[in-house]
Amino acid sequence: GSPSKVTSTSGKMAGASAALLHGLLQLVLGILASAALLPAWSAVAAPYYKTLCDSFGVVGAVFFCTALTVLIGQVWAMLLTLPALLGSGALKIQSSTFPSAEKVLGVMPLVGFNACLSTVVFSLVILGTSTGSVLADVSTELPDMFSWCCQATASFCAAEVWAYFVHRALHTKWLYRHVHKLHHSWTAPVAIVNTYEHPVEHLLQNIGSTVVGPVLSGMATIGGTHPAMLLSWVLLTRIHTAAGHCGYWTEDLGAHDLHHEQFSVNFGASGVLDFLFGTDGERVPKAADDGRPKVPLGMRGVQAKMVDARQSKGMKGEQ
């Protein structure tokens with residue numbers, strides 16, 4: 001075939017491979033992290049949970065543990081915000097843009113409200129989907145490692161699908177103007193603004209994508225959704241979304257930061273659905289001083305290198 005067709009085919013294959021590779025990488029990291037978080041959360045929370053149950057009942061214990069989990073996520077986001085507040089340029093994506101302390105403090109009332117909303121909804125989900133025996137003692141009926149990996153995989157896939165299509169809906173004209181525009185007021189985000197959003201958006205996008213997987217996978221098991229599983233997943237998603245908004249290079253390869261800068265690309269978390277629906281974006285750095293050509297960063301950079309490798313291999317085969 002012609003060189004242009006070969007290049008186009010190589011580009012598509014490389015793009016699919018890069019997107020799939022990134023998605024699998026995030027899935028593996030998610031499973032490994034959640035496998036560590038589940039026993040850690042259980043070991044720390046279970047003794048206090050039983051004491052809280054004796055003092056305040058099941059409802060009080062669930063609300064307290066949920067609030068503590070959400071709070072840990074907020075503290076993590078605040079810690080990831082510190083480098084930008086201190087003006088650290090190392091690994092900064094938008095290297096010339098730093099927030100003021102006043103601007104960060106201005107988002108805290110809504111961030112705090114959404115944390116309270118998260119606590120209420122997550123607690124209600126736990127109370128509505130967990131069995132009575134587990135609610136009485138969260139150290140019992142913990143899923144084994146195989147079941148946990150299956151539930152984590154299902155939760156990852158469900159979250160990706162839910163978050164992508166809800167996010168696309170939020171970019172429709174009316175919803176963007178009345179709901180989503182607030183979140184996009186930060187074109188160079190920092191970690192703490194991952195929950196700086198209209199409460200309706202927070203409920204649909206942030207909370208919805210977090211609970212849909214654990215609830216559906218819990219419905220497929222006899223014991224339902226285990227509180228330790230759900231709250232471990234909540235903490236993991238808080239860690240991930242804060243990292244994606246921090247403004248520095250992390251495991252999402254700058255994809256969500258670019259979404260805030262350009263608005264119409266990178267709606268998903270893994271990049272797989274963005275590739276499939278043609279909404280994946282690239283970040284092209286400034287030309288190098290030595291005249292070298294611009295090379296896309298992030299997933300498109302990986303894709304470009306894979307195309308070059310395929311073309312180089314093809315040329316060697318023709319020689």
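Mentor: Let's begin with helix α2 (residues 101-129) and helix α7 (residues 227-245): their axes come within 10 Å and cross at roughly 150°. Keep in mind that this is a predicted model.

Trainee: How do α2 and α7 run, roughly parallel or roughly antiparallel?
Mentor: Roughly antiparallel. Angles over 145 degrees count that way.

Trainee: And is the crossing of α2 and α7 left-handed or right-handed?
Mentor: Right-handed.

Trainee: Which residues meet there, between α2 and α7?
Mentor: From α2, you have Ser 118, Phe 122, Val 125 and Ile 126. They meet Pro 227, Leu 230, Leu 231, Val 234 and Arg 238 in α7. By class, that contact has seven nonpolar residues, one polar and one charged.

Trainee: OK, on to α2 and α6. At what angle do they cross?
Mentor: Roughly 35°, with the axes of α2 and helix α6 (residues 199-219) coming within 10 Å. The crossing of α2 past α6 is right-handed.

Trainee: Who takes part in the contact of α2 with α6, and which residues of α6 do they meet?
Mentor: The α2 side has Leu 110, Phe 113, Asn 114, Leu 117, Ser 118, Val 121, Phe 122 and Val 125. The α6 side has Pro 199, His 202, Leu 203, Ile 207, Thr 210, Val 211 and Val 215. This contact of α2 with α6 divides into 11 nonpolar and four polar residues, with no charged ones.

Trainee: Is Cys 53 buried or exposed?
Mentor: Cys 53 counts as buried, because its relative accessibility is 15%. The cut-off for buried is under 20%.

Trainee: Last stop, helix α8. Which of its residues are buried?
Mentor: In α8 (residues 255-262), they are His 256, Asp 257, Leu 258, His 259 and His 260.

Trainee: What do the buried residues of α8 pack against?
Mentor: Against α4 (145-170) and α7.

Trainee: And what comes just after α8?
Mentor: Phe 263, which takes a positive phi of about 75°.

Conventions. Residues are numbered from 1 along each chain as its sequence is written. This is a predicted model: local features need pLDDT of at least 70, side-chain atom pairs count only at pLDDT 80 or more; totals for chains, interfaces and linings use all residues. Side-chain values use heavy atoms; hydrogens and water are left out. Axes are lines fitted to C-alpha atoms, for helices over the stretch in contact, and angles run from 0 to 180 degrees between N-to-C directions. Helices (H or I, at least four residues) and strands (E, at least two) are DSSP runs, numbered from the N terminus. Angles under 35 degrees count as roughly parallel, over 145 as roughly antiparallel, 65 to 115 as roughly perpendicular and the rest as oblique. A crossing is left-handed if the near helix is turned anticlockwise from the far one by less than a right angle, and right-handed if clockwise. Contact means heavy atoms within 4.5 Å. Ala, Val, Leu, Ile, Met, Phe, Trp, Tyr, Cys and Pro count as nonpolar, Asp, Glu, Lys and Arg as charged, and the others, Gly among them, as polar. Buried means under 20% relative accessible area, exposed over 50%, partly exposed in between (1.4 Å probe, protein chains only).
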